[in-house]
Amino acid sequence: MVGARVDLIVTAEGEGCCVEVDASQFETALVNLAVNARDAMNGEGRIEIAIMPADGVPARRGHAAAKGDYVKVSVIDAGSGIPPEQPERIFEPFFTTKEVGKGTGLGLSQVYGFTKQSGGEIDVVSKVGQGTMFSLYLRRVTALDEMGADIAATRIDASEASILIVEDNDQVGEFASQLLGDLGFVTQRAANALEAIAILEMDHDDVDIIFSDVVMPGMNGVELGKEIRARWPDKTVVLTSGYSHALAEDSGHGFPLLHKPYSVEELSRILRDAAA
């Protein structure tokens, strides 16, 4: 993933650094951090992934320090660093410091979402021209419980459903397609509600779930969901949005809702529950 010109070093201190998290989601977070580190060094240099026990989380971005039993997983590079005014924004969806066409701005928001969903915290230490260290503080456990071991088994079977993604933002639509592809689903995409209806009119037997953004030009996701409910009542509609005000305007729609930014585990769970 990082290329032949990058030396990838993994170090571990201490024993029993167990955490209870979704493995694929954790892997995605590490890949996102490693790719960012690679890009910050223009594809050449040294990246270290360091794992060690920690007895707390340091003060960060306006939050006070906190005591606790954690595993600290750090991704460290010697790249260009992050300007001091940007650490407050880097976890926002679609915010990116990369050139146009070289980043979606969704990588760090996925890392942030994964860490918070897992009950952890994330810290960033960076100096311009010297490098950056992202540290994930994940709750330390003595052993996985049975439920944790069964997470993967409870995901919806990809062979049981086909999904129509309705998203007017190409980058977000591609992100959703990638996550669903990782889960094994066959997907198709529509750029807006009218295009989605046209697809359903032609091939509604081949679509089981409609996964739609709420805020779109023209007919919005809630209106689309109601149209589908009226015309094809056997179809499952799942909505997603990053704008709470858009949902407050019509909170009684009755459709499952996934908040952006979302993780692969959150996406898998809501689709499984909706199709049940």
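This is a predicted model: local features need pLDDT of at least 70, side-chain atom pairs count only at pLDDT 80 or more; totals for chains, interfaces and linings use all residues.
Residues are numbered from 1 along each chain as its sequence is written, and side-chain values use heavy atoms, with hydrogens and water left out.

View 1. Helices (H or I, at least four residues) and strands (E, at least two) are DSSP runs, numbered from the N terminus. Gln 110 counts as buried because its relative accessibility is 5%, and Gln 25 counts as buried because its value is 1%, where buried means under 20% relative accessible area, exposed over 50% and partly exposed in between (1.4 Å probe, protein chains only). Leaving aside neighbours within four places in sequence, Gln 110 is in contact (heavy atoms within 4.5 Å) with Gln 25, Thr 28, Ala 29 and Asn 32. With residues up to four places away again not counted, Gln 25 touches Gln 110, Phe 114, Gln 117, Ser 263, Val 264 and Glu 265.

**View 2. The largest nonpolar core, with its 23 residues**. Such a core is a set of buried Ala, Val, Leu, Ile, Met, Phe, Trp, Tyr and Cys residues joined through side-chain atoms within 4.5 Å. The members touching the most other members are Leu 33, Ile 47, Phe 134 and Leu 136. Two or more residues each come from α1 (23-40), β3 (45-57), β4 (66-77), α2 (107-117), β5 (121-127) and β6 (131-141), and α1 gives the most, with 4 residues. Apart from residues up to four places away in sequence, Leu 33 touches Val 75, Leu 108, Val 111, Phe 134 and Leu 136.

**View 3. Helix α5 (residues 193-203) against helix α6 (residues 221-231)**. The two axes, which are lines fitted to C-alpha atoms over the stretch in contact, with angles running from 0 to 180 degrees between N-to-C directions, come within 10 Å and cross at roughly 20°. The helices α5 and α6 are therefore roughly parallel, a label for angles under 35 degrees, whereas those over 145 count as roughly antiparallel, 65 to 115 as roughly perpendicular and the rest as oblique. The contact is made by Ala 193, Ala 196, Ile 197, Leu 200 and Glu 201 of α5 together with Leu 224, Glu 227, Ile 228 and Arg 231 of α6.
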